[in-house]
Amino acid sequence: MERVVCLAIGYVFGLFQTAFIYGKMNGIDIREHGSGNAGTTNALRVLGKKAGAIVFLGDVLKTVFAILVIRFIYRDMGTEILPMLSLYAAAGAILGHNFPFYLGFKGGKGIAATAGMILAFDWRFTVVCAVVFLTAFLITHYVSLGSLLVYLTFVIEIVVLGQL
């Protein structure tokens with residue numbers, strides 16, 4: 001039951017669509033411009049660097065806050081289950097970001113929300129994943145390739161460090 005609760009809490013946090021809200025504050029529906037996604041990369045392309053930074057921060061923080069709420073709620077359950085429950089909350093936040101019901105299930109791609117998961121999980125993971133992402137992006141100029149490599153790196157880090 002805790003897993004469902006964590007997913008639901010995460011999903012609610014993920015519904016905070018930073019790019020959509022920022023776009024509306026600037027008189028546009030971000031989903032009608034650029035790639036059509038309500039995410040950081042599209043906000044950066046359509047609205048500029050300042051918007052990209054604000055949207056990135058908002059998307060990262062919504063996942064971080066979801067995880068912090070779960071850690072607070074389940075703080076007495078023991079340290080061995082908190083990482084798993086945190087991942088459920090993060091998965092919910094990413095799903096809420098990618099598939100917000102009130103926007104017809106058309107949100108972002110979940111990259112910045114995933115960065116929030118990695119940041120909240122362990123700051124050392126963040127450093128390694130940031131190096132992987134920046135290296136891939138600077139070499140290829142593809143955000144998607146850097147993002148996929150970050151996902152792979154995160155899974156490897158979890159397995160290698162025995163966090164499962």
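This structure, a predicted model, holds 3 salt bridges. Side chains of opposite charge can pair when their charged atoms come close.

Take Lys62 and Asp59 to begin with. Their side chains meet in a salt bridge, at 3.3 Å from N to O. Both residues sit in helix H4, 3 residues apart, so about one helical turn separates them. Lys62 is buried, at 4% relative accessibility. Asp59 is buried too, with a relative accessible area of 0%.

Asp29 and Arg31 form another salt bridge through their side chains, at 2.9 Å from N to O. Asp29 is buried at 10%. Arg31, at 18%, is also buried, because the cut-off for buried is under 20% relative accessible area.

The remaining pair is Asp122 and Arg124, whose side chains meet at 2.7 Å, N to O. Here Asp122 is buried, with a relative accessible area of 12%. Arg124 is partly exposed, at 49% relative accessibility.

Now the nonpolar cores. The largest has 23 residues. Those touching the most other members are Cys6, Ile70, Tyr74, Met117, Ile118, Phe125 and Phe154. At least two residues of this core come from each of helices H1 (2-14), H4 (49-73), H5 (82-98), H6 (111-121), H7 (123-140) and H8 (143-160). H6 gives the most, with 6 residues.

Tyr74 shows some of the packing. Beyond its neighbours within four places in sequence, Tyr74 is in contact with Glu2, Val5, Cys6, Leu82 and Leu85. Apart from this core lies another, of 10 residues, including Tyr22, Ala38, Ala51 and Val55.

Notes. Residues are numbered from 1 along each chain as its sequence is written. This is a predicted model: local features need pLDDT of at least 70, side-chain atom pairs count only at pLDDT 80 or more; totals for chains, interfaces and linings use all residues. Side-chain values use heavy atoms; hydrogens and water are left out. A nonpolar core is a set of buried Ala, Val, Leu, Ile, Met, Phe, Trp, Tyr and Cys residues joined through side-chain atoms within 4.5 Å. Buried means under 20% relative accessible area, exposed over 50%, partly exposed in between (1.4 Å probe, protein chains only). Helices (H or I, at least four residues) and strands (E, at least two) are DSSP runs, numbered from the N terminus. Contact means heavy atoms within 4.5 Å. A salt bridge is a side-chain nitrogen of Lys or Arg within 4 Å of a carboxyl oxygen of Asp or Glu.
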